[in-house]
Each structure stands twice: as C-alpha cells, then as structure tokens.
Amino acid sequence: MDKVVYHIEVSKATDSKLRDCVINLQWGQSNTNEPPITVEDIIKGAIWEFLSQFEEPKQSNSIMAILLDAKNTNYLIRNNFKSIMREKKMRQVDLVAETDINKTNLSQILNNKYAPGLDSFLRIWAALDFPKITDCIYIEYLD
C-alpha cells in the first residue's frame, strides 16, 4: 500500500491528552489479542472522524451539501467554539495557552470575525478535546 507521510506538531498539553487516550484505550483492551493502540491510531481516527463529516450531503446544513450546491453562495461557515468553551468552563486565556494562537487572533476566531485556517482550527479542536465537527461549525445562510 502506498503511503504519504505528514509531519505535525502539537503542544505538550495535546500530546499529554493523546497519550492519556492511548493509556485508557489500551487498558480497556488488556484482555484481547488486538495489537496495542498507538498515538498514531488516535490521530488517524480523529482525522477520519473529521473527514467523515464531509460525507453527509443529504443533510441540508452539512458542509458537503454546501460544497455540492455551487450556485448557493449566500452563506457563511461559523464556529461554536465559544459555546463549547463555556460548556467546558474553559477561559480564553486557557485556550491561548493550549493552542499557542495569538490572543487577538483567537478572539476574532471565537467571535466569528474571521474563519480559522486549518492549522488554527485543528489546534482549537484538539484543545477542546475533539468535539464532533458538526458541533464545532454551522452554516449561516444570508438573505
């Protein structure tokens, strides 16, 4: 099988969360003959979950529905990061520390002043413990 190699960098806090996930999953796997779960498995699973969100074109507010409807340009993609942070009782200063995103840029992202790039999105998503993508973003249709 042909493979493509990607190099990613994560904060120490994200690395710690990934390793905790591996330990928890390996503990639940202790009585099986399955190969041990690795950090790479967790990252691949997170990416697969993210990509699977684009495969639901039947939902009118899904990302794929928007991409397939090339004629409809009257929408904005917004994020719910602020409300997810509230649920987790996380402050913006905590998110700045975990993501290493400048506080001004992060504020603009959280207030939907501008959309985050993929790198910033993934950093925030990881810092918020990988909530479902459909919980993170939504479509706002314009008149």
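Here is a tour from the whole chain down to single residues.

**Before you click**

This is a predicted model, where local features need pLDDT of at least 70, side-chain atom pairs count only at pLDDT 80 or more, and totals for chains, interfaces and linings use all residues. Residues are numbered from 1 along each chain as its sequence is written, and side-chain values use heavy atoms, with hydrogens and water left out.

**Stop 1: the whole chain**

Show the protein chain as a cartoon and you'll find 8 helices and 2 strands. Both kinds of element are DSSP runs numbered from the N terminus: helices are H or I with at least four residues, strands are E with at least two. Trace the chain from the N terminus and the order is α-α-α-β-α-α-α-α-α-β.

Of the 143 residues, 27% count as buried. Buried means under 20% relative accessible area, exposed means over 50%, and partly exposed is in between (1.4 Å probe, protein chains only).

**Stop 2: two aromatic pairs**

How many aromatic pairs does the structure hold? There are 2 of them. Rings of Phe, Tyr and Trp (its six-membered ring) pair if their centres lie within 6.5 Å; planes under 30 degrees apart count as stacked, over 60 as edge-to-face and the rest as tilted.

Select Phe-81 and Phe-121: this pair is tilted, at 5.4 Å centre to centre with 50° between the planes. Phe-81 sits in helix α4 (residues 81-87) and Phe-121 in helix α7 (residues 118-127), so the pair ties together parts that are 40 residues apart in sequence. Phe-81 is buried at 0% relative accessibility, and Phe-121 is buried too, at 9%.

Next, select Trp-125 and Phe-130. Their ring centres are 5.0 Å apart and their planes stand at 90°, so this pair is edge-to-face.

**Stop 3: where two helices pack**

Colour helix α5 (residues 92-99) and α7. They pack at an angle of about 115°, with their axes 9 Å apart. The axes are lines fitted to C-alpha atoms, for helices over the stretch in contact, and angles run from 0 to 180 degrees between N-to-C directions.

Show side chains to see who touches whom: Leu-95, Glu-98 and Thr-99 of α5 meet Arg-123, Ile-124 and Ala-127 of α7. A contact here means heavy atoms within 4.5 Å. Stay on α7 a moment: its buried residues include Ser-120, Ile-124 and Ala-126.

**Stop 4: positive phi angles**

Most residues other than glycine have a negative phi.

- Lys-89, in the loop between α4 and α5, has a positive phi of about 55°. Lys-89 is exposed, with a relative accessible area of 74%.
- Asp-100, in the loop between α5 and α6 (103-110), has a positive phi near 65°. Asp-100 is exposed as well, at 64% relative accessible area.
- Asp-129 follows α7 and has a positive phi near 70°.
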